[in-house]
Amino acid sequence: MEALTQERWESHLLQLRKRLPETLPPLLPGGRLLRIVGLVLEAEGLSAGIGSRCQVRAANGRAVDAEVVGFQDGRLQLMAAGDLHGVAPGARVQPLAGEAQGVASPTMLGRVVDGQGLPLDGKGPLADAEPVSLTGKAINPLNRAPIRRPLDVGVRAINALFTVGRGARMGLFAGSGVGKSVLLGMMARNTEADVIVVGLIGERGREVKEFIDEILGEEGRRRAVVVAAPADAPALTRIRGAHLSTAIAEYYRERGQHVLLLMDSLTRYAMAQREIALAVGEPPAVRGYPPSVFARLPALVERAGNGDVGGGSITAFYTVLMEGDDQQDPIADNARAVLDGHIVLSRALAEQGHYPAIDLESSISRVMPNISPPRQVQAMQRLKRLYGRYREQRDLIAVGAYAPGMDPVLDQAVQLYPQIEKFLCQNQFESVSLAQAQQELTSLLHGGPLAMGPEA
């Protein structure tokens, strides 16, 4: 009788197993929550690796997503990606199979999602969504296509003096309120790209809607995907937002498309990494930033750029917030070392009503010599030399101590400076093509007697 019952039971289990879908993840043994210290959750009784996903059950049954960020003395340290309201001691912690993933879709253009990939625009779920890895996959540097084609961004000063190459990674360095978001919007509307991916990481919630409606505009939004992880989102969500923005850009690059990735800001991403690192006990190194932050910045930036030869590309612009307009800020200094160029915005110029407030003397495009004709590179160097000479002597010029005829280069700088200022200014709704910017630069310099002379 017992043998018959056992046979029936085993047969019943076999039938149930056949009905289960093969894609169900394996059920992993769970643990319990011991305590919460600051932002860190400590759990015991479960085994999971760094980056693994877990769910914490609150008292009201709500599941809170979390990620393993460390371990100590047999306990796992987790960081929550949601609100911990209602989570009590002893709450069940259930590990989930696989690492955190995002979603991307070929029909994603025009949509706005949060740092978890969930729609924020009220247009329903994403159609044809596919899972994408948030960490991406490394590209053999020998397989990357070199940067050999210029990219028209529609901004006269950048096109003419700091030409951007398709697949380059550029930084916009500025203090707060100097116009970096407006400059991003100009490039989003005017750049020749198949897809635009905008990552708004750690910015004020009010600025998210303003950027989408006013700065990006309807024209830019039609071919853009916006990932918004505002300042009130948990640190883990802000980090995932930056990774998801990059993952979506990689998704389109793998399909042979040319992508413009705009991330505002790289500094907020670094600050979120700092929150987590300090919370798990990593000692600070430079101005409160732990060493792991400076390891994660290049890991994120290197995911952008060109793909294989003949494939797609990601041209990326990362805004870097210089605290107190300090160019030696550790994040700004580290970002300069890993980017292909940097455009510095000057508060002094912005206060004078000069927009875009690009500081010519502090900005550079390292790829410009490889993608621009020699004549344009020479013209750029000539204009910067004239601009710098005038700025050096502007105090003497202002008090009337300048005597014409003593310095031919300064004479030309004084003569051309009003035209140079006009050349550098541009309305945010105006678009200047790459060819037009190059032509205007040449015409400007031909207006002076030493325009194309030897060493002017």
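Mentor: Start in a loop. Pro356 is placed in the loop between α9 (347–351) and β19 (364–365). Keep in mind that this is a predicted model.

Trainee: What is the peptide bond from Tyr355 to Pro356, cis or trans?

Mentor: Read omega. For Tyr355 to Pro356 omega is near -10°, and the bond is cis. Now look at Asp264 and Ser265. The peptide bond joining them is also cis, with omega near 10°. Ser265 belongs to the loop between β15 (258–264) and α6 (266–279).

Trainee: Next, phi. What is phi of Asp73 near?

Mentor: Phi of Asp73 is near 55°. That is a positive value in a residue other than glycine. Find Asp73 in the loop between β4 (63–72) and β5 (75–80).

Trainee: Is Asp73 buried or exposed?

Mentor: The cut-off for exposed is over 50% relative accessible area. Asp73 has 72% relative accessibility, so it counts as exposed. Asp128 has phi near 55°, again a positive value in a residue other than glycine. Asp128 lies in the loop between β8 (112–114) and β9 (130–133). Its relative accessibility is 56%, so Asp128 counts as exposed.

Trainee: Now helices. How are two packed helices described?

Mentor: By the angle between their axes and the distance between the axes. Take α11 (residues 374–398) and α12 (residues 408–424) here. Their axes come within 8 Å and cross at roughly 105°. The two helices are therefore roughly perpendicular to each other.

Trainee: Which residues make the contact?

Mentor: On α11 they include Leu383, Leu386, Tyr387 and Tyr390. On α12 they include Leu416, Tyr417, Ile420 and Phe423. The residues of this contact divide into 14 nonpolar, 2 polar and 2 charged.

Trainee: How many aromatic pairs does a search of the whole structure find?

Mentor: It finds 4 aromatic pairs. One of them is Tyr387 with Tyr417. Check the ring centres, then the planes. The centres are 5.9 Å apart and the planes are at 25°, so the pair is stacked. Tyr387 lies in α11 and Tyr417 in α12, so the pair ties together parts that are 30 residues apart in sequence. Tyr387 is buried, at 2% relative accessible area. Tyr417 is buried too, at 8%. Tyr387, Tyr390 and Tyr417 form one aromatic cluster.

Trainee: Where does the charged end of Arg156 sit?

Mentor: Over the ring of Phe423, 5.9 Å from its centre. Arg255 lies over the face of Tyr251, at 3.6 Å from the ring centre.

Conventions. Residues are numbered from 1 along each chain as its sequence is written. This is a predicted model: local features need pLDDT of at least 70, side-chain atom pairs count only at pLDDT 80 or more; totals for chains, interfaces and linings use all residues. Side-chain values use heavy atoms; hydrogens and water are left out. Axes are lines fitted to C-alpha atoms, for helices over the stretch in contact, and angles run from 0 to 180 degrees between N-to-C directions. Helices (H or I, at least four residues) and strands (E, at least two) are DSSP runs, numbered from the N terminus. Angles under 35 degrees count as roughly parallel, over 145 as roughly antiparallel, 65 to 115 as roughly perpendicular and the rest as oblique. Contact means heavy atoms within 4.5 Å. Ala, Val, Leu, Ile, Met, Phe, Trp, Tyr, Cys and Pro count as nonpolar, Asp, Glu, Lys and Arg as charged, and the others, Gly among them, as polar. Rings of Phe, Tyr and Trp (its six-membered ring) pair if their centres lie within 6.5 Å; planes under 30 degrees apart count as stacked, over 60 as edge-to-face and the rest as tilted. Buried means under 20% relative accessible area, exposed over 50%, partly exposed in between (1.4 Å probe, protein chains only). A charge sits over a ring if NZ of Lys or CZ of Arg is within 6 Å of the ring centre and within 35 degrees of the ring normal.
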